[in-house]
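Here's a quick briefing for anyone meeting this structure for the first time. Have a look at it below, then walk through the points by topic.

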Amino acid sequence: LVGGQAARLAGASHGGLAAFHTACAFPEQFHLAGCLSPSFWVGRGRHGGDIRSTLRGSALMQLVDATLKDQEKRPVLWIDWGLRADGARFGAREMADLLVTDYGYRDGQDARFLEDQNGGHDELAWGWRLRLLLETFYGENGF
């Protein structure tokens, strides 16, 4: 806890996956998770890493299912992806859709999903989107 409030964390690529998993594993400590181009493909399939399978029912989702269903406890999430490199390949769009349909997340209320038309899976794209993430988390009308 930071100043009596739950901390916030963020990461990109595998760090985005780690931020998502950590916030779901420890929602009392991490209220907000920023996931920039998260590598959700790692959690696919029964044993992870099967990019041909879907996230629904995957090992990752089995680990976080109970937390995501608990609307009082679950973290607020930022998930973004760039269409130049990682929109489908890394599973961020699929995760955003799953969070909305299966868990009732609402973009702009308890989540923010951002599709960057020109963004890639690189530090330049993440740097631009990190500014937006920080404005969303810490801005005047932030979460």
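Strand 3 (residues 76-82) and strand 4 run parallel, and 6 bridges join them. Keep in mind that this is a predicted model. From that strand pair, the rest of the picture can be built up.

- Zooming out, 4 strands make up an open sheet, in the order 1-2-3-4, with parallel pairing.
- The edges are strand 1 (7-12) and strand 4 (111-116), each of which pairs on one side only.
- From one strand to the next, the twist averages 10°.

**Helices across the sheet**
- Helix 1 (residues 14-25) lies across strand 1, strand 2 (30-36) and strand 3.
- Compared with strand 1, helix 1 runs at about 150°.
- Helix 3 (residues 92-103) lies across strand 3 and strand 4.
- The angle between helix 3 and strand 3 is about 145°.

**A nonpolar patch on the surface**
- Which residues form the nonpolar patch on the surface? They are Leu130, Leu134 and Tyr138, and together they have about 290 Å² of accessible area.
- Tyr138 sits in helix 4, which covers residues 123-138.
- Is Tyr138 buried or exposed? Tyr138 counts as exposed because its relative accessible area is 54%, and the cut-off for exposed is over 50%.

Definitions and conventions
Residues numbered from 1 in each chain as written. Predicted model: local features only at pLDDT ≥ 70, side-chain atom pairs only at ≥ 80, totals over all residues. Heavy atoms only, no water. Pairing = 2+ DSSP bridges. Helix = DSSP H or I, 4+ residues; strand = E, 2+ residues; numbered from the N terminus. Axes fitted to C-alpha atoms, helices over the stretch in contact; angles between N-to-C directions. Contact = heavy atoms within 4.5 Å. Patch = residues over 30% accessible without salt bridge, like charges linked within 9 Å, V, L, I, M, F, W, Y side chains within 5 Å. Areas by Shrake-Rupley, 256 points an atom, 1.4 Å probe, with all protein chains shown as cover. Salt bridge = Lys/Arg side-chain N within 4 Å of Asp/Glu carboxyl O. Buried < 20%, exposed > 50% of the residue type's maximum accessible area, 1.4 Å probe, protein only.
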